[in-house]
Amino acid sequence: MRASRSAQRRPSARSRNNTQSPGSAGVHISGAEGIYDDTEITGIISAYARRALRHPRGRPDEIVITIEALHRKPGKIPLLPITTLECNAPDEAYVLIFKALSDLGISSKAISAALRVLTAETSMRGASLIRIRSGRRAEPDRIRGVRVSGLGIERVSGRRLSQKLSRLNLDTTTVGEALALASKVASCPGIAAEICISDDPDYTTGYIASRESGYLRIPNIKNHGEMYGGRVFFIREDAAIEKLMDYLEKTPVILY
Ligand code: WAQ
Ligand code: MG
C-alpha cells in the first residue's frame, strides 16, 4: 500500500520540517506491505486503506494498493531478538547511537553521514546505503532510496509476536513491521547494521539493528512533532550494490 498527497499541507502546527518535495507521486504519507494467503487478502486491503486514511502524517488524496502473486518460494529468516534501551532525549540517543554503531565496526564518518540523511528536511521514500568506512552514499536514486519489499511474518510467529508486544505495551503494528523489515535487512549479506528514525511526527522511538546486536529500540530518538526520519543501511566497503538491492527489493522471505 502506498498513500500520498499531491498538495503540501501542514498536518500539525508543531511540525517544523514539513518541506518534502512533492515529486510525481506527491508527498509520501504511508506505505506498508506483506505476504499473505489468498484467504487473508480482502481483510488486509481494508486494514491498509484504514491505516492510510487515519495517518498522523495527514490525509492522503491517493491510495494505491497492489496485489501480486509470488513467483519465488520465500526463504525463512528468524526475527531478531528485541531489546529496549533506556534513553530520555535525542542528545542521549546520539551518544547511544555512536557507541552501538562504533561497536559494530562503523566509522564515525559513516555515522555522521547517516545522521545527516535521517534528520534532513526532505525524507526519502526508502533507505540510504552508506559504506561503513568511507561514509560514502551508494544508493543509485537518492530520492527513492532502496525499498525493502517481499517480506511477511509466518502466521503462528506473527500471533506470538503480537501477544509478546501487547504484554510489553508496545504498538504491535509499527513495532512488528519494523522488526520484520529489520530482520530481513540484517540477514542480507553485505549489510553490517541499520538505523531507523520514524518519519511520523508522533512516533519518537527509533532503532539500530544488526545480526550481532539484535533489534535495539531507542526511545526519544527525536522530539515530538518532527517530520524528519528515514532509514540507513550500513554496507561493507566493498559490497556489490546490485546483488544487495536484488535481495532487499525482490527476494521474498518469511520471518518466523
Ligand atoms: N524500505 C526501505 N526504507 C523504508 C521502507 C522500506 N520498505 N519503508 C520506510 N522506509 C524509510 C523511509 O525513508 C521512511 O521515511 C523511514 O524509513 C521511516 O519509515 O520498535 O515507523 O514507516 O518502536 O515511519 C520504528 C519502530 C518505526 C521502533 C519505524 O518507520 C520501535 C517507522 P516509517
Ligand atoms: Mg512513517
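Helices here are DSSP runs of H or I with at least four residues, strands are runs of E with at least two, and both are numbered from the N terminus. I keep that in view for every element label below. I am working from a predicted model.

**Entry: Asn-169**

I went to the loop between H4 and H5, where Asn-169 sits. I looked up its backbone and found a positive phi of about 65°, although Asn-169 is not a glycine. Is Asn-169 buried or exposed? I get a relative accessible area of 70% for Asn-169, so I log this residue as exposed.

**Entry: the helices on either side of that loop**

Next I took H4 (residues 155-167) and H5 (residues 172-186) as a pair. I find their axes 10 Å apart, at an angle of about 125°. I note H4 as oblique to H5 because of that angle. The crossing of H4 and H5 is right-handed.

Which residues make this contact? From H4 I list Leu-161, Ser-162, Leu-165 and Ser-166, and these meet Thr-172, Val-175, Gly-176 and Leu-179 of H5. Sorted by class, the contact of H4 with H5 has 4 nonpolar and 4 polar residues, with no charged ones.

**Entry: H2 and H3**

I then turned to H2 and helix H3 (residues 108-118), whose axes come within 10 Å and cross at roughly 135°. I put H2 down as oblique to H3, since the angle falls in that class. H2 passes H3 in a right-handed crossing.

On the H2 side I see Tyr-94, Ile-97, Phe-98, Leu-101 and Ser-102, and on the H3 side Ser-108, Ile-111, Ser-112 and Leu-115.

**Entry: salt bridges**

How many salt bridges does the count come to? I get 6. I wrote up some of them, among them one in H2.

Asp-103 and Lys-99 pair up with their closest N and O atoms 2.6 Å apart. Both are in helix H2 (residues 90-103), 4 residues apart, which means about one helical turn between them. I checked accessibility too: Asp-103 is exposed, and so is Lys-99.

Arg-137 and Glu-139 also meet through their side chains, at 2.6 Å from N to O. I have Arg-137 as partly exposed, at 27% relative accessible area. Glu-139 comes out at 5%, so I call it buried.

Arg-144 forms a salt bridge with Glu-249, the closest N and O atoms lying 3.0 Å apart. Where do the two partners sit in the chain? I place Arg-144 in the loop between strand S6 (127-131) and strand S7 (151-153), and Glu-249 in helix H6 (residues 241-250). They are 105 residues apart, so the pair links distant parts of the chain. I read 31% relative accessible area for Arg-144, which makes it partly exposed. Why do I log Glu-249 as buried? Its relative accessibility is 16%, and the cut-off for buried is under 20%.

**Entry: Asn-220**

Last, I looked up another asparagine. Asn-220 is in the loop between strand S10 (214-218) and strand S11 (230-235). Phi is near 55° here, a positive value in a residue other than glycine. I have Asn-220 as partly exposed because its relative accessibility is 28%.

How values were computed. Residues numbered from 1 in each chain as written. Chains lettered and ligands numbered in written order. Predicted model: local features only at pLDDT ≥ 70, side-chain atom pairs only at ≥ 80, totals over all residues. Heavy atoms only, no water. Salt bridge = Lys/Arg side-chain N within 4 Å of Asp/Glu carboxyl O. Buried < 20%, exposed > 50% of the residue type's maximum accessible area, 1.4 Å probe, protein only. Axes fitted to C-alpha atoms, helices over the stretch in contact; angles between N-to-C directions. Parallel < 35°, antiparallel > 145°, perpendicular 65-115°, else oblique. Left-handed = near helix turned anticlockwise from the far one by under 90°. Contact = heavy atoms within 4.5 Å. Nonpolar A, V, L, I, M, F, W, Y, C, P; charged D, E, K, R; others polar.
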